[in-house]
Amino acid sequence: EMIGNIAHQWRQPLNTINLIIMDLLEAFNHGELNDTYLQKSYNEINRVVQGMSQTIDDFRNFFHPNKEKRIFDINPIVEQSLAFTIPMLKANHIETDFRKNGELFITGYPNELMQTLINIFNNAKDALVKSNSNPKKITINSYASGNKAMIEILNNGDPIPSENLEKIFDPYYSTKPEGQGTGLGLFISKTIIEKNMQGILSANNVQEGVCFLIELQITKN
């Protein structure tokens, strides 16, 4: 199961690296490849590879009883998660819009929150690719509601059928074709938020599309 989790987390960054390599080849063929272009692509690939390496450590420590929570602002984690997935989203002509409303400090595991967000972004990407929405868009809102830090991830794709909506967080449940999904991404995301960080992760159809909502306890400074 853990190998399946890692495979799920690695599929997207591997695709991102592939896209960067294809872009390099295209730039070379058009005479646009120079030192600056090459260095930028190298830095991008190196960042993705470091993230893949971190995934191994994160999953190895996932059920470790002695790992320490820390206080952190959720907004930089959202931004890092977006930076990690932007190449894949752009390749599928998906726009993103992150609207943050002030600092939101919580106590938990930033890397695990990042994994959750990447899983949800990837899920939204798959839904939007299949939809006829134009433009295709993922909107992220972070804000405080009472003593809760809220992260809304809204995609303007097709609504999730009610019979699937009840099962999307079940382990090994996937609506994707065979071989294109492990059915573990949203399950592991819900485990991270609800068991490891004592929050709530839910999904609902809304007028604009589908909204995933993360609720976490704010830590008072």
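Predicted model: local features only at pLDDT ≥ 70, side-chain atom pairs only at ≥ 80, totals over all residues.

Entry 1: Next I checked how much is tucked away, and buried residues make up 43% of the 221 residues in the chain.

Then I went through the secondary structure, which comes to six helices and seven strands. Reading from the N terminus, I wrote the order down as α-α-β-α-β-β-α-β-β-α-α-β-β. I also looked up the contacts between residues at least 6 apart in sequence, and 74% of them join residues at least 24 apart.

**Entry 2: the core.** Which residues have the most contacts inside the largest nonpolar core? I found L113, I153, F212 and I214, in a core of 42 residues. Helix α4, residues 110–130, gives the most to this core, with eight residues.

Skipping residues up to four places away in sequence, I214 touches a whole list of others, including L113, T116, L117 and I120. A149, M150, I151 and I153 are also among the residues that I214 touches. I193, I200 and L201 belong on that list too.

**Entry 3: nonpolar, but on the surface.** Here I looked for nonpolar side chains on the outside. L25, F28, L33 and L38 form a nonpolar patch on the surface, and together they have about 390 Å² of accessible area. I traced L25 to helix α1, residues 2–29. Is L25 buried or exposed? Its relative accessible area is 51%, and the cut-off for exposed is over 50%, so L25 counts as exposed.

**Entry 4: T55.** I found T55 in helix α2, which covers residues 35–60. T55 has a relative accessible area of 9%, and buried means under 20%, so T55 is buried. What does T55 contact, leaving aside its neighbours within four places in sequence? I got Q9, W10 and Q115. I also checked the spacing of T55 and Q9: they are 46 residues apart in sequence, but 7.4 Å apart in space, C-alpha to C-alpha.

**Entry 5: salt bridges.** How many salt bridges does a search of the whole structure find? It finds five, and I looked up some of them.

- K40 forms a salt bridge with E44, with the closest N and O atoms 3.9 Å apart. The two are four residues apart in helix α2, so about one helical turn separates them. K40 itself is exposed, at 56% relative accessible area.
- K100 and E79 meet through their side chains in a salt bridge, 2.6 Å from N to O. K100 lies in strand β2 (residues 94–100) and E79 in helix α3 (residues 74–91), so this pair ties together parts 21 residues apart in sequence. K100 is partly exposed, with a relative accessible area of 44%, and E79 is partly exposed as well, at 33%.
- K125 pairs with D126 in a salt bridge whose closest N and O atoms are 2.9 Å apart. Buried or exposed, I wondered about K125 and D126? Both turned out to be buried.

Methods: Residues numbered from 1 in each chain as written. Heavy atoms only, no water. Buried < 20%, exposed > 50% of the residue type's maximum accessible area, 1.4 Å probe, protein only. Contact = heavy atoms within 4.5 Å. Core = buried A, V, L, I, M, F, W, Y, C linked by side-chain atoms within 4.5 Å. Patch = residues over 30% accessible without salt bridge, like charges linked within 9 Å, V, L, I, M, F, W, Y side chains within 5 Å. Areas by Shrake-Rupley, 256 points an atom, 1.4 Å probe, with all protein chains shown as cover. Salt bridge = Lys/Arg side-chain N within 4 Å of Asp/Glu carboxyl O.
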